[in-house]
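Take a moment to look over the sequence and the model.

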Amino acid sequence: MLKYAKVINEQTKLCELGLGTNANFYQSIGMTEQEVEQAYNGGWYLKGYAPQQTLAELKIAKRDEINAARDAAEQGGFEYMGKVFDSDPVSCIRMMGASQSLANAPEETTITWTCQDNTTIDLNGSEFAGLVVALATHSNICHQKATALKEQIDACQSAEDLAQITWDVGE
């Protein structure tokens, strides 16, 4: 990428960059148009000199990516009795409380629950217990998938292999 730049570290070829459009100003402070590239750490370097992350650093970043995808999937909702229920932390706490309340309520007691699409469903105690089991199963599936992907990450021997590991939504 051609940008106005000035090398500020001759050993590493780290550059100071002119990010605007005032070519006269950049030239007046000693910048010239040069081929530069941005490194993983945000720094700008002459093309070909940008430092690369080590495989260990890439693995840490990939694990963070998988953890974020796991959290998003886990909190994105789950299906039960033909409905999609929210699974964010507040919804989970509310489900646990409602389930415990229904466990101590008369058998015919129901709670009307609002689903992710804002429709409602009436659930009795056993149905609500099943909802909590479905939530736990959903959470467990997300964590098992993340664990399997992290095992793949640990086994990778190259950045190219690591780049192939993704959290595919449909899996």
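In which helix is the place of Gln152? Gln152 sits in helix H4, which covers residues 125–155. Keep in mind that this is a predicted model. How covered is this residue? Gln152 has a relative accessible area of 41%. Buried would need a value under 20%, and exposed a value over 50%. Gln152 therefore counts as partly exposed. Now look for Ile66. In sequence, Gln152 and Ile66 are 86 residues apart. In space, their C-alpha atoms are 11 Å apart.

Step back to the whole chain. The protein chain contains five helices and eight strands. Read from the N terminus, the order is β-β-α-β-β-α-β-β-α-β-β-α-α. The radius of gyration is 26 Å, well over the 16 Å that the globule rule gives for 171 residues, so the chain is more spread out than a compact globule. Its C-alpha atoms fill a box of roughly 80 × 40 × 25 Å along the principal axes.

What about cover and contacts? Of the 171 residues, 32% are buried. Take the contacts between residues at least 6 apart in sequence: 51% of these join residues at least 24 apart. The accessible surface comes to about 10500 Å², and carbon and sulfur atoms hold 51% of that. Charge comes next. The chain carries 12 positive and 24 negative side chains. The centres of these two sets lie 8 Å apart.

Now zoom in on a pair of strands. Strand S7 (residues 110–114) pairs with S8 in the antiparallel sense, over five bridges. Thr112 stands opposite Asp122 in S8. Strand S8 itself spans residues 120–124, and its side chains alternate. Ile121 and Leu123 point to one face and are buried.

S7 and S8 form a hairpin, with five residues between them. Asn118 lies in that turn. What is the phi of Asn118? The value is near 70 degrees, which is positive, and the residue is not a glycine. Most residues other than glycine have a negative phi. Asn118 has a relative accessible area of 62%, so it counts as exposed.

Met81 also has a positive phi, of about 50 degrees, although it is not a glycine. Find Met81 in the loop between strand S5 (78–80) and strand S6 (83–85). Its relative accessibility is 41%, so Met81 counts as partly exposed.

Definitions and conventions. Residues are numbered from 1 along each chain as its sequence is written. Side-chain values use heavy atoms; hydrogens and water are left out. Helices (H or I, at least four residues) and strands (E, at least two) are DSSP runs, numbered from the N terminus. The radius of gyration is taken over C-alpha atoms; the globule rule is 2.2 Å times the number of residues to the power 0.38. Buried means under 20% relative accessible area, exposed over 50%, partly exposed in between (1.4 Å probe, protein chains only). Contact means heavy atoms within 4.5 Å. Accessible areas come from the Shrake-Rupley method with a 1.4 Å probe; for residues, only the protein chains shown count as cover. Lys and Arg count as positive and Asp and Glu as negative; His and the chain ends are not counted. The place of a charge is taken as NZ of Lys, CZ of Arg, CG of Asp or CD of Glu. Two strands pair if DSSP finds at least two bridges between them.
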